[in-house]
Amino acid sequence: MKTPIGLFGGTFNPVHHGHLRSALDICQTLSLRHVTMIPNFVSPHKQDGKIPAEHRLAMLKLATQDCQQLEISDIEINSPRISYTADTINHFRDNYPEHPLCFLMGMDSLVNFTTWHRWQEILKHCHLIVSQRPGYNIENNDDVRKLLEQHETKSIEDLSDSLGGRIYIHHAFPLAISSSQMRQAISDNHPITFLTPPAVEAYITKHQLYLAN
Ligand code: ATP
């Protein structure tokens, strides 16, 4: 079995240090080959903040330009419609048949994972690596408890022993930053300094993104 690869899907509208720090931390802790960040397609009339997808992609590229461990894939963002995570995972599974795949998500995503389209197929083809996020508690969630009873591992070595099927909770201290908090700050004319890399902040200013109408 080869070195595991991380996949990190999200809207990244915009990317922030919460995303970047947790991706890099997981990459190092789990000794992943790299983490590929995969911005998703958002139907233009549904987007919160209503900015063209190319801006989200450009900001991700700026944020990760000096970090070899973080890569970007435009596979979903360039698709003309919403892509199912199961299809994206299948694409990477075909490209990396011998590498375990680790799909990174926050606890907010795990709590509704069993409502995702073809979630069993996703879990068959990759491991889930779940980051804590403030405000998300799974103790009273029966679906998640059942899922963890069957799939959870606390051993990093297990993630290299199979191509997928395990759930690993990454217990790092999470950064309480969200994209919605940033969009709100910008539209309220508050600074977003230290929430995202300076190059992303400069890009947002230059292109006048997320301003109130
Ligand atoms: P929004 O506030 O617009 O909902 P977001 O900040 O949650 O956005 P997304 O792009 O929707 O960002 O999230 C992509 C993935 O990153 C999700 O799995 C989410 O749980 C995770 N994530 C987002 N922020 C953090 C953070 N601060 N720490 C760890 N994981 C995060």
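User: Rings of Phe, Tyr and Trp count as a pair if their centres lie within 6.5 Å; by this rule, how many aromatic pairs does the structure hold?
Analyst: The model in question is a predicted one. A pair of aromatic rings is described by the distance of the centres and the angle of the planes. With the cut-off on the centres applied to this model, the number of aromatic pairs comes to four.

User: What is the geometry of the aromatic pair that F113 and W119 form?
Analyst: F113 is buried at a relative accessible area of 0%, and W119 is likewise classed as buried, with a value of 18%. The centres of the two rings are 5.8 Å apart and their planes make an angle of 70°. Because planes over 60 degrees apart count as edge-to-face, the pair of F113 and W119 is edge-to-face.

User: Which residues form one aromatic cluster?
Analyst: The pair described above joins F113 to W119. The cluster that contains these two also takes in F103 and W116, and its members are therefore F103, F113, W116 and W119.

User: How many disulfides does the structure hold?
Analyst: A disulfide requires two cysteine sulfur atoms within 2.5 Å. For C27, which is buried with a relative accessible area of 3%, the nearest cysteine sulfur is that of C67, at 7.5 Å. The sulfur of C102, a residue buried at 0%, is 8.0 Å from the closest cysteine sulfur, in C126, and this is too far for a bond. Across the structure, the number of disulfides is zero.

User: Which side chain has an N or O atom 2.6 Å from an oxygen atom of the ligand?
Analyst: The side chain of H19 has an N or O atom 2.9 Å from an oxygen atom of the ligand, while a backbone N or O atom of L175 lies 2.8 Å from a ligand nitrogen atom. The side-chain atom at 2.6 Å from a ligand oxygen atom belongs to D108.

User: How much of the 600 Å² that the ligand exposes when taken alone does the protein bury?
Analyst: The ligand is surrounded by 20 residues, and F12, D108, L175, S179 and S180 are the closest of them. Elements that each supply at least two residues of this shell include β1 (5-10), α1 (17-29) and α8 (179-187). Of the area that the ligand exposes when taken alone, the protein buries 85%.

User: In the shell around the ligand, how many residues are polar?
Analyst: Among the elements that each give at least two residues to the shell are β4 (101-106) and α4 (107-110). Sorted by class, the shell has five nonpolar and three charged residues, and the number of polar residues is 12.

Conventions:
Residues are numbered from 1 along each chain as its sequence is written. This is a predicted model: local features need pLDDT of at least 70, side-chain atom pairs count only at pLDDT 80 or more; totals for chains, interfaces and linings use all residues. Side-chain values use heavy atoms; hydrogens and water are left out. Buried means under 20% relative accessible area, exposed over 50%, partly exposed in between (1.4 Å probe, protein chains only). Rings of Phe, Tyr and Trp (its six-membered ring) pair if their centres lie within 6.5 Å; planes under 30 degrees apart count as stacked, over 60 as edge-to-face and the rest as tilted. A residue is near a molecule or strand if one of its heavy atoms lies within 4 Å of it. A polar contact is a pair of N or O atoms within 3.5 Å; within protein, one must be able to donate a hydrogen and the other to accept it, and residues adjacent in sequence count only if both atoms are side-chain atoms. Accessible areas come from the Shrake-Rupley method with a 1.4 Å probe; for residues, only the protein chains shown count as cover. Helices (H or I, at least four residues) and strands (E, at least two) are DSSP runs, numbered from the N terminus. Ala, Val, Leu, Ile, Met, Phe, Trp, Tyr, Cys and Pro count as nonpolar, Asp, Glu, Lys and Arg as charged, and the others, Gly among them, as polar.
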